[in-house]
Amino acid sequence: MKIKFTLFAVFTFCQISFSQQKDTIASREKLSEVVVTGQFEPQSIKKSVFNVRVISKEDIKQLAANNLSDVLNQYLNITVKNSGSDGRSTVSMFGLDSQYFKILIDNIPLVSDTGMGTNVDLTQVNLDDVERIEIIEGSMGVTHGANAVSGILNIITKKGAGHKWEISATVQEETVGNEYSLTDKGRHIQAAKVAHNFNENWFVNIGGNRNNFEGFYDDKKGKDYSVNDGLRGYSWLPKEQLVGNAMLGYQKNNFRIFYKFDYYGENVDFYSPILVPQDNYPFPETYFARDKRYITNRYYHHLNANGKLFSQLNFNVSLSRQKQERDAELFNYQIETKQEFDDFRFTYQSKEVLYSTGTLSNFFNSKKVDFQLGYEITNENGFYSGSAGTFLDNQLQSVDVRKRLENYDIFSVAEISLSDKFSIRPGLRYSIQTIFKDQYASSLGLRYLFKKGLEARASLGKSYRTPNFDELYTYFVDSNHNLQGNPDLIPENSTSYEVSFKRSCHFDSGAQIANNLAVTFMDVDDRIDMVLTQTKPTSVYKYININKYKMWNISTTEQYAYKNWNVKVGAALVGISRKIDLAALELTSDDKFLYSLNLNSSISYNIPKWNTLFAVYYKYNGKQQQFEAGTDADGNAKFFLNEIKPYSWMDASVRKLFFKNQFEVTLGARNLFDIQNVQMTQNGGGSTGGAHGSGSSDLLLGYGRSYFLKLTYNLNFN
């Protein structure tokens, strides 16, 4: 690691200037020149006041990525958290979990179990029809509303086709660790897409995808194992995903309209390690297991229209209706006959959302001043069954919960060009909330273009996060637990600051160098945490607005492109301060900053004569530390320092085109360092769960080194 960091430092200080990280040199990846996230209208990155990071379609192809989890493992300041127990993957940024980070599709937040755009399972976001991904770090509360605290990720889907007909079919086979077979091991993906331009005005896109993850056995023996020794089942649960999407669009002159429909279906199977014996006298006893299946269905509708009013005003309006249901199916599985019986299925969680957002801009016939006026309406109707957790009504009775959350927002943003070099962008949002007090967000962005291509940006943003269902309504009490939600919670408030510099150099030889540097500071007040409020006779935890969070980050990336080589190197140092205040116990944690270092790099080499591209991606995740509350051996409240050991992640691939670029083959490996678990230690003992004595445990990260082969056939004709 020291050698790598030294090489990185030498490369950095050989350059002239720096800027906030961007993942492609604009002139090499034309798609990254134009961005839409947070803009009045599509425009170049250079004109944007925000620092937009672009993940191109080529990057997605090179990683053979099928979902967001496959992509985001390699990016600075982003940590992907996997769970083998339920198959979910979520994202955290700057040490804040997925409730602070918003995921959108074409500027529409994606519905999830507990929110709109937040806490999204990355494995449930398919990338088949994606054109590019745009990421903005820091507060985006003015343009994107609640919970856009640490950043936003906007997936831009493909609209239309470059040819009259575009048809593609894909088959991908992948090992799961060292496990693979065509029937019951590994990962098997099939996909097909058709795009057609009827004429210069009308187009249609249709696609489908099946992703069958057979689970990871590891030391388990699968569902048909008949010995009652606790080894039945899987370390990572089997999961089957079905995706269908369609888009119909029309465009003429300055007017465009499209309707997009997505369907997502998922089955996750849990097989109990406990076998139940059945008397079969005089023959040997038989066994069955009480298993269950989690079933998700999500329906996504999006209607968008944009164009001009009165030959001047630009309008952009979207209406979206989304519904997600999660069912549980309980059944008994007969080991000997491999048959299911006594099935019982019920809906334990659902959410239905009606969402609309729209903007008007270009009020003034001037290149110096522009003004945008916008609105956002969100109507969430959520349902949680008592079987999904325990929820309380006013009489402290455990019941199902049905709640409607609504907000009606207006926002305005101005872009003022004081000169050709200096522009300023102030913004303000006001949100009328039905459950909480009305909220507001504000922002101020500055951009200055120096000589010789040096770009400087600065931003200040204030945003807010609203409590989710679990934090408001959970009440789970038994002999071992006492966890209480709090309907009196208020939204958290955050402030973020960022300063960044960027410069790209082009040489007569054809070489290009891009240098990037950014410094960010973030402060979150009234942070909601599950707080230990009582230790004796039992430990009681409750969600309270009490804690504080501060973060500062310095990140830099360097990119060098020459002829067929493209090299990227990046580093980020993040310091996080969490103050945990156990007011009821008169105890407060240390609020010192704890630091973590991330490094990433990628190298690609193109051989045009062979139509072949080689690529290697590497990321180093440094030691992570965090104070947590728990109880010591005597049952007294105490703070402990949890530490996650450092680890590295590397992916590699080679992609080759055949038959006039119609046939595409990608061969590669993920997780080359064969990471499955990383050690998590507790300094001094204890945990939030109240365990006693110091010790260590393993944090699940992956299922080891895996290999993939992806075959794609593209047929394009006019």
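Strand 27 and strand 28 form a hairpin with five residues between them. Strands here are DSSP E runs of at least two residues, numbered from the N terminus. The model is predicted: local features need pLDDT of at least 70, side-chain atom pairs count only at pLDDT 80 or more, and totals for chains, interfaces and linings use all residues. Residues are numbered from 1 along each chain as its sequence is written, and side-chain values use heavy atoms, with hydrogens and water left out.

**Pairing around strand 28**
- Strand 27 (residues 512-534) pairs with strand 28 in the antiparallel sense over 20 bridges; pairing requires at least two DSSP bridges between two strands.
- Alanine 518 stands opposite serine 555 in strand 28.
- Strand 29 (residues 565-579) also runs antiparallel to strand 28, over 15 bridges.
- Lysine 550 has serine 577 in strand 29 as its bridge partner.
- Two residues separate strand 28 and strand 29 in their hairpin, where lysine 563 takes a positive phi near 50°.
- Strand 25 (residues 482-484) pairs with strand 28 (residues 540-562) in the parallel sense, over two bridges.
- Leucine 483 stands opposite tyrosine 541.

**Asparagine 209**
- Asparagine 209 sits in strand 12 (residues 202-213).
- Asparagine 209 counts as buried because its relative accessibility is 6%; buried means under 20% relative accessible area (1.4 Å probe, protein chains only).
- Its side chain makes a polar contact of 2.9 Å with the side chain of aspartate 128; such a contact is a pair of N or O atoms within 3.5 Å, and within protein one must be able to donate a hydrogen and the other to accept it, while residues adjacent in sequence count only if both atoms are side-chain atoms.

**Serine 706**
- Serine 706 lies in strand 40 (residues 706-717).
- Serine 706 is buried, at 1% relative accessibility.

Key:
Helix = DSSP H or I, 4+ residues; strand = E, 2+ residues; numbered from the N terminus. Buried < 20%, exposed > 50% of the residue type's maximum accessible area, 1.4 Å probe, protein only.
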